[in-house]
Amino acid sequence: MASSNGPRPCVHFLRGSCRFGMRCRFQHDTSATSLPFHHRESVEANLNKYKIPSHLVDASPQLRIMSYNILADHYAQEHAQELYASVPWAALEWTSRADMIAKEVAYWNPDVVCFQEVDHYKHLQALLKPHGYKGVYTQRTGGRPDGLAMFWRRSRFTAEALKDLEFAPMDLKDNVCQLTVLRSKEESSIALLVANIHVLFNPKRGDIKLAQVRTMLESAHSLVAARPTGPCPVVVCGDFNSAAGSPIYEFVLRGELQLGSIDRRRLSGQVEAAGRTGWPSIRGNLFDAMSNGAASEAAAMQAALGYRSGVIEETVGGGGGGGGDNRDEDVMMLPRSASSPAALDRRNSNSGNANVLTGSAKKFRPWAQDELEMAAGSESGIARHPLHLESAYLNVSGSEPLYTTAHDRYVGTVDYIFYSPQAPTGAEDDSGAIEGQECLTLKPLRVFQPPPLRTIQTGLPSVMWPSDHLSLIADFVIQQKQL
């Protein structure tokens, strides 16, 4: 972005044409102002909550994790007219976007990077190798053009175990997942499992989305439990195509979800009505709300998108999201502020009109037994996973990011970094950790928020941000303690 002392970028120029040319009073040269990282606020954790003196934190190993849906080149071109009409054509060109992605990784200097929507892996690998990264790539099945890539800093970690999880053999579409156990080169007793996933988009198939997430978490637990030296902490990154506060989101954090009373179309919390107005209209509404006295950008965004506190505007159905395509079309996500446990219970209730989708005539359709078993992994219809996970952003800042993606037909949060606070490093019995044994603990120290929406001149990607998603970045401290 232009500095506060200089002219603002010309929106018409950013979109491809300005009729004033050199006479324009706004900034046309954006080459020196790309990637305005100063707009990304750092939020520090309250160390008193962890009961860890700051000098011990400074002396302990620290870890930076980045999760980033980088927008596959194939999808950028395929959806240019419907999703990126406000974006200047140059901002969709892969070569320049790839250079910006590499610069962004180099700037933040993460120890581990989880990419989603990668369709030029060799190019990305060549750009990141000089910065000290080693990576692995997992192609989606079914002839899909993109996949997942995970990179780690060669000087810090070595890959102890690699596992690719394909969902197609389970009849769960063409998505894939990466599971990698990384062991520290500095301290061999330190290891962690990093999971990377891009969940199915289709909002009508919440059953498949849930099954993908459940299968990933079960597989991660099995891989960790099988380590000869004992379990290790887990970090889960990715684009979950699910809202903060949705049943799928709560399943990740709570470890259990009873499906019988939840419509599968509502499992991901995806709603179409709010995001269909287009980014230019959304941005205009945002500025109107802020000028009319909105208390915060979060409040202004909810006003701009037509939210009412504690209420979901839903019209599930219609176009977009068919098959195994992961592009986030025609959908707006539930804000975290409207996702309290009480509100969630009300939304999941099977009494009265609770299961009639607001704004539509679609009523709750009971689950077939085979659907329940596929989604839950059991005949009981209760989905469970054995990991104890928390959200880095939620724990540090008190909420998930206001948004993680913003294009012409969608603004919302779908990307997350989850983690397990601790994992025993020795043997376990059926009741869990043994008293007196040592365990590794993982605690988030800080997170970096997306830039304020008011600083985004066009829908994403832009000449300043190389994807339609923003990267998530979290710092952790790793410690050993005795239980």
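This report walks through a predicted model of one protein chain, from its overall make-up to a few individual residues.

## The chain as a whole

The chain holds 14 helices and 20 strands. Of its 483 residues, 58% are buried. Contacts that reach across the sequence are worth a look too: among those between residues at least 6 apart in sequence, 76% join residues at least 24 apart.

## A six-stranded open sheet

One sheet to pick out in your viewer is an open one of 6 strands, with mixed pairing and the order β6-β7-β8-β9-β17-β14. Its edges are formed by β6 (157-166) and β14 (390-391); each has a single partner strand, so one side of each is left without a neighbour in the sheet. Helix α9, which spans residues 247-254, packs on this sheet and touches β14 and β17 (415-419). The direction of α9 makes about 15 degrees with that of β17.

Helix α8 covers residues 206-225, a run of 20 residues. From its first C-alpha to its last it reaches 28 Å, close to the 28 Å expected at 1.5 Å a residue. Is this helix enclosed or open to the outside? Of its 20 residues, 16 are buried, so α8 is largely enclosed by the rest of the structure.

How do α8 and α9 sit relative to each other? Their axes come within 10 Å and cross at roughly 20 degrees. An angle under 35 degrees counts as roughly parallel, so α8 is described as roughly parallel to α9. The crossing of α8 past α9 is right-handed. On the α8 side, the residues involved in the contact are G206, K209, L210, V213, R214 and L217, and they meet I248, F251 and V252 of α9.

## Backbone spots to check

Two residues have a positive phi without being glycine. N109 has a phi of about 55 degrees and lies in the loop between α6 (94-108) and β3 (112-118). With a relative accessibility of 43%, N109 counts as partly exposed.

E117 also has a positive phi, at about 60 degrees, but its place is in strand β3. Is E117 buried or exposed? Its relative accessible area is 1%, and since buried means under 20%, E117 is buried.

A further backbone feature is the cis peptide bond that joins L460 and P461, where omega is about 0 degrees. P461 belongs to the loop between β19 (438-448) and β20 (472-482).

Finally, have a look at E371, found in helix α13 (residues 369-376). At 15% relative accessibility, E371 counts as buried. Which residues does E371 touch, leaving aside those up to four places away in sequence? The contacts of E371 are with R264 and R365.

Methods: Residues are numbered from 1 along each chain as its sequence is written. This is a predicted model: local features need pLDDT of at least 70, side-chain atom pairs count only at pLDDT 80 or more; totals for chains, interfaces and linings use all residues. Side-chain values use heavy atoms; hydrogens and water are left out. Helices (H or I, at least four residues) and strands (E, at least two) are DSSP runs, numbered from the N terminus. Buried means under 20% relative accessible area, exposed over 50%, partly exposed in between (1.4 Å probe, protein chains only). Two strands pair if DSSP finds at least two bridges between them. Contact means heavy atoms within 4.5 Å. Axes are lines fitted to C-alpha atoms, for helices over the stretch in contact, and angles run from 0 to 180 degrees between N-to-C directions. The expected span of a helix is 1.5 Å times one less than its number of residues. Angles under 35 degrees count as roughly parallel, over 145 as roughly antiparallel, 65 to 115 as roughly perpendicular and the rest as oblique. A crossing is left-handed if the near helix is turned anticlockwise from the far one by less than a right angle, and right-handed if clockwise.
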